[in-house]
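Please keep the sequence and the structure in view while reading.

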Amino acid sequence: MKRLMHYSITLIFGLLFFSVLSADAHLKAEQEVLSALLKYFEARNNEDYKTVVALESRSGTYGTNSDGSFHKPRLISSIEQWEKANQGGVTNVFYPQAIQLSENVVFVRFYSEGMVSAGGKASNYRTRVTMNWVKENGSWVMKTQHYSAANYGGVHLTQPADFDD
């Protein structure tokens, strides 16, 4: 009886320990994708479009913007496309979480906040983001992205001065 109880306790603790290890960026793939995510947004903020394009799927990406428009068709990005379409400004990643869905797919969700500019006019930007990253040719790249407006009250509205050193 003691042996059965010892076995049961060991099994329960083992399962609990595994579930802690396999959730929220404890797996190697999740850590790698979170690193790639931060590199991706740093490159976007620095207008390093060579890095941005390298971190996007070569077979194309699928996106939905937070402006309420329809889903976008598959896009195979290029440096030229990014130079033409970039809004400008700085957006930051907050509270990123990664969940490995399969061997070569990691789901990521986070909040993004910052200042964007278009047509010479700057505005605050706040959104919820979900992405799927896939492993292609040994590297993690972004395959899908969905942005949904995070318009909620009672919080600080980002100002350009927030990014002054």
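## Strand pairing and overall fold

Two strands are taken as paired if DSSP finds at least two bridges between them, and helices and strands are themselves DSSP runs, numbered from the N terminus. In this predicted model, β4 and β5 form a hairpin with two residues between them, and the two strands run antiparallel, joined by ten bridges. Thr 127 stands opposite Ala 149 in β5, while Asn 137, in the turn of the hairpin, has a positive phi of about 50°. Strand β1, residues 62-64, is joined to β5 by three bridges, and these two strands run parallel; here Tyr 62 stands opposite Thr 144 in β5.

The secondary structure of the chain comes to four helices and five strands, which follow one another from the N terminus in the order α-α-α-β-α-β-β-β-β. Among contacts between residues at least 6 apart in sequence, 53% join residues at least 24 apart.

## The nonpolar core

The largest nonpolar core holds 26 residues, of which Leu 37, Tyr 40, Phe 41, Val 108, Phe 110, Met 131 and Trp 133 touch the most other members. Two or more residues of this core come from each of α2 (28-45), α3 (49-54), β2 (89-102), β3 (105-118), β4 (121-136) and β5 (139-149), and α2 gives the most, with eight residues.

Over the chain as a whole, 31% of the 165 residues count as buried.

## Surface and positive phi values

The chain exposes about 10,800 Å², and carbon and sulfur atoms supply 58% of that area. Phe 94, Tyr 95 and Tyr 111 make a nonpolar surface patch of about 360 Å².

Most residues other than glycine have a negative phi. Tyr 95, however, has a positive phi near 55°, and phi of Glu 47 is likewise positive and near 55°. Glu 47 is placed in the loop between α2 and α3 and is partly exposed, with a relative accessible area of 47%.

Which residues do salt bridges join into one network? The structure holds three salt bridges. In one of them, Glu 32 pairs with Lys 28, with the closest N and O atoms 3.6 Å apart; because the two residues are four apart in helix α2, they are separated by about one helical turn. Lys 28 counts as exposed at 62% relative accessibility, while Glu 32 is partly exposed at 28%. Glu 32 also meets Lys 135 in a salt bridge (4.0 Å, N to O), a pair that links distant parts of the chain, with Glu 32 in helix α2 and Lys 135 in strand β4, 103 residues apart.

The side chains of Glu 113 and Arg 126 meet in a further salt bridge (3.2 Å, N to O). Glu 113 lies in strand β3 and Arg 126 in strand β4, so this pair ties together parts that are 13 residues apart in sequence; both residues are buried. The network asked about above consists of Lys 28, Glu 32 and Lys 135, joined by salt bridges that share partners.

Key
Residues are numbered from 1 along each chain as its sequence is written. This is a predicted model: local features need pLDDT of at least 70, side-chain atom pairs count only at pLDDT 80 or more; totals for chains, interfaces and linings use all residues. Side-chain values use heavy atoms; hydrogens and water are left out. A nonpolar core is a set of buried Ala, Val, Leu, Ile, Met, Phe, Trp, Tyr and Cys residues joined through side-chain atoms within 4.5 Å. Buried means under 20% relative accessible area, exposed over 50%, partly exposed in between (1.4 Å probe, protein chains only). Patches are made of residues with over 30% relative accessible area and no salt bridge: like charges are joined within 9 Å, nonpolar side chains (Val, Leu, Ile, Met, Phe, Trp, Tyr) within 5 Å. Accessible areas come from the Shrake-Rupley method with a 1.4 Å probe; for residues, only the protein chains shown count as cover. Contact means heavy atoms within 4.5 Å.
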